[in-house]
Amino acid sequence: MMAAGIDAVKDEPPLAGIKVLDLSQGIAGPYAAAILGMQGAQVTKVEPPEGDWSRLMGGGRQGLTALSIVCNPGKQSICVDARKPGGTELLVRLARDADVLIESFRPGVVERLGLDYATLAGQLPRLLYVSVTGFGDSGPYRDLPGADSVVQALSGMMVMNRDAAGEPRRIGMLAVDVATGLYAAQGVTAGLLKQARTGRGGFLPITLLHSAAAFQGIPMLDAAMHAGAGRKMPVTVPSGTFRTRDGLINLTALRDKMFHGLARALGQPEWVDDPRYRTNADRLANADEINAAIQARLLQDGSDEWVARFREQDVLCAPVLDYAGFMADPQARAQNVFAEIEQGPYGKLPVARLPGAPRAALPPAPVLGEHTEQVLASAGVPADRVAELRAAGVVYTHADISARQGKG
């Protein structure tokens, strides 16, 4: 009986019954909403007639790019022109039925539309209102456009990721945007607990700038603690990427015991008693010598052989894989890290599962306006009124968008 009860709990998504109105665009806000959706929430994505700008980034068909697919699986897409008479009123009507609203407009835009927190909170005190911006609603950068690339440069992330010559480098993925989405989703979960306890929502401001700082908390503190000390990174030896006969491996020895295991795996047992390598401080002083000796030895065999030897000695080590290699990795497959979604017009695509989320099949991302009529019907808008709104260009179905693009 207990096992059956546990299974039942596992089968119930934790956010089942929660409704999210997603007015955001791009990555951070939509990704936060996607996380909530993968945890069971019902997410309605509102887009303007031109669509979320993520539909245009990186290339794709039918407005379905890698960005828009990963950030919007399973959402219902409704297309509303909030600039037209009646558009804002329609969004307020949808907000009345929502537990959470997420927006990512630049400061001032929601006020002009009448969709700001101060306005909605008076009507909807239970609503949890999430505002995602680049720099927040005050300060000298308030009105500047904020994006992952800008914040990586501003926040020290590019300097933290500098190359061996000291040249700052941008991290290739949209690290700040994704981290901001994660922080926003966590903030929503905490806000929902408060909402359930008190019956009231609140205002949750999330910025790319603040998220970039929190994401880099450890290296930032390390830099402050050792300012002016000419600190060398990494802080343990060896720690880095080495070439083997047929590829690359990443190798790290965190403790003396791990370095001893590394020495045995390399066939260099004399390193264990070498006074130059006795402690991590000693090894840091002789890093160039140690790394050169490791590199020369690793070139004698292939990556698979070395990884097996190091793992046998409990040394931190992994082959350097590309994405295809990661998807084929036996541990990733054993843990069901990836799922396949049936995403028109591409067919089956691999998408990473959300850690801890139910292992059900992932639903596809919607095309623009795919669920406009369905969402409005659920909100109690009569069919004849929907037809009027379509004729006035206030709302669009996917067929309307396709016809409009065909005329263009």
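Start with the second largest pocket, where H2, strand S2 (42-47), helix H5 (109-113), strand S5 (128-133) and helix H7 (148-154) each give at least two residues to the lining. Helices (H or I, at least four residues) and strands (E, at least two) are DSSP runs, numbered from the N terminus. A pocket is an open set of points on a 1 Å grid over the protein atoms alone, where a 1.4 Å probe fits, with protein on both sides within 12 Å along at least five of seven lines; lining residues have an atom within 4 Å of a point.

You are viewing a predicted model, where local features need pLDDT of at least 70 and side-chain atom pairs count only at pLDDT 80 or more, while totals for chains, interfaces and linings use all residues. Residues are numbered from 1 along each chain as its sequence is written, and side-chain values use heavy atoms, leaving out hydrogens and water.

Now select Gln-25, Trp-53, Ser-104, Phe-105 and Arg-106: of the 41 lining residues, these lie nearest the centre of the second largest pocket. Colour this lining by class and you get 22 nonpolar, ten polar and nine charged residues. (Ala, Val, Leu, Ile, Met, Phe, Trp, Tyr, Cys and Pro count as nonpolar, Asp, Glu, Lys and Arg as charged, and the others, Gly among them, as polar.)

Next, move to the largest pocket. Select Ala-66, Val-70, Tyr-323, Val-351 and Ala-352, the closest to its centre among 31 lining residues. Helix H9 (175-198) and helix H16 (323-328) are among the elements that each supply at least two lining residues here. What classes make up this lining? It has 28 nonpolar, two polar and one charged residues.
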